[in-house]
Amino acid sequence: MDLDFTTECPECGAPVKASIGAVAKGQTVRCSRGHRIAMEDKDGGARKAQRSLNRMERAFKKIGRIR
Ligand SMILES: [Zn+2]
């Protein structure tokens, strides 16, 4: 499970689509004008969020089985 969010390009301020998973993996995304933005998981927040998303996904699957 992943979660998309929009951030701002530090170079030109254009909206850039990124995802929690991309930040957790330290991937580089490009803004609409082609600037490269290195996603940095500075305090491990994205990895924590990714773990929470995975837990949530498992919980949803369990609920699905009960029904
Ligand atoms: Zn840019």
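**View 1. The radius of gyration of the protein chain is 15 Å.** For 67 residues, a compact globule would come out near 11 Å; the radius is taken over C-alpha atoms, and the globule rule is 2.2 Å times the number of residues to the power 0.38. Along the principal axes, the C-alpha atoms fill a box of roughly 50 × 25 × 15 Å. This is a predicted model: local features need pLDDT of at least 70, side-chain atom pairs count only at pLDDT 80 or more, and totals for chains, interfaces and linings use all residues. Residues are numbered from 1 along each chain as its sequence is written.

**View 2. Two helices and four strands make up the elements of the protein chain.** Starting at the N terminus, you can follow them as β-β-α-β-β-α. Helices (H or I, at least four residues) and strands (E, at least two) are DSSP runs, numbered from the N terminus.

**View 3. Strands β1 and β2 form a hairpin.** Strand β1 (residues 4-8) runs antiparallel to β2 (residues 15-19), with five bridges joining them; strands pair if DSSP finds at least two bridges between them. Look for aspartate 4, whose bridge partner in β2 is serine 19. Six residues separate the strands, and glycine 13 in the turn has a positive phi of about 80°.

**View 4. Arginine 33 sits in the loop between β3 (28-30) and β4 (36-38).** This residue has 11 other C-beta atoms within 10 Å, so arginine 33 counts as exposed (12 or fewer; buried means 20 or more, partly exposed is in between, with C-beta atoms placed from the backbone). Beyond its neighbours within four places in sequence, arginine 33 is in contact with Cys12 and Ala14 (C-beta atoms, placed from the backbone, within 7 Å).

How values were computed:
Contact = placed C-beta atoms within 7 Å.
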